Amino acid sequence: IAALLVATAGGQAIMLYAATHDPTFAIEPDYYAKAVAYDTTILRGRENIRLGWRASGAMSASDGGASVRIAIIDSAGLPVTGARLSAVAIHNLDGSHPIPVRLTEAGGGYVGRIDRAHRGLWEIRIDALRGDDHFTPSLRMDFTP
């Protein structure tokens, strides 16, 4: 009976450790504030539709990291230039460590860099401002160096 109790307690201790030390577990930062401001999220989505802009992107290997290239085109198919872009990159298996990405305009698009980028699936959350226009797309990109 004692061995059964020790084995049960040991198994539960192992499961508790595994559940609380998972490096891939992540909670969305400021999730409560985002939930309270969900109306703003809906309005931003409507603004994205009203603008008719579309974003696309690609990641490529660059000096031990990743180069990120973002292209934004308007409803007429022309590149959106002169916008101020900021972004946050979140690796699919490391969601608790979002990485800010500084994007600068280059060649009709916007480029940035992620140092020490892991291979795999990334979510790039973009915040683009041009005049009164505010565009907030989210892109999924697969990085295979």
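**The model.** I am working from a predicted model.

**Strands.** I started with β1, residues 54-62, and looked for its partner. β1 runs antiparallel to β2, residues 65-73, and nine bridges join the two. I then checked the turn of this hairpin: two residues sit between the strands, and Asp63 takes a positive phi near 50°.

Next I followed β2 to its other pairing. Five bridges join β2 to β6, residues 109-114, and this pair is antiparallel too.

Ala58 is opposite Arg69, and in β6 the bridge partner of Arg69 is Val111.

**Surface patch.** Which residues make the nonpolar surface patch? I find Phe25, Ile27, Tyr31, Tyr32 and Val36, with an area of about 630 Å². I went back to Phe25 and placed it in the loop between α1 (2-20) and α2 (31-36). Is Phe25 buried or exposed? I put Phe25 down as exposed because its relative accessible area is 54%, and the cut-off is over 50%.

**Pocket.** I get 22 lining residues, and Lys34, Thr41, Arg44, Arg125 and Thr136 lie nearest the centre. Which element gives the most to the lining? My entry is α3, with six residues. For the elements that each supply at least two lining residues, I wrote down α3 (38-51), β3 (84-91) and β7 (120-130).

Key
Residues are numbered from 1 along each chain as its sequence is written. This is a predicted model: local features need pLDDT of at least 70, side-chain atom pairs count only at pLDDT 80 or more; totals for chains, interfaces and linings use all residues. Side-chain values use heavy atoms; hydrogens and water are left out. Two strands pair if DSSP finds at least two bridges between them. Helices (H or I, at least four residues) and strands (E, at least two) are DSSP runs, numbered from the N terminus. Patches are made of residues with over 30% relative accessible area and no salt bridge: like charges are joined within 9 Å, nonpolar side chains (Val, Leu, Ile, Met, Phe, Trp, Tyr) within 5 Å. Accessible areas come from the Shrake-Rupley method with a 1.4 Å probe; for residues, only the protein chains shown count as cover. A salt bridge is a side-chain nitrogen of Lys or Arg within 4 Å of a carboxyl oxygen of Asp or Glu. Buried means under 20% relative accessible area, exposed over 50%, partly exposed in between (1.4 Å probe, protein chains only). On a 1 Å grid over the protein atoms alone, a cavity is a set of points where a 1.4 Å probe fits but cannot get out, and a pocket is an open set with protein on both sides within 12 Å along at least five of seven lines; lining residues have an atom within 4 Å of a point.
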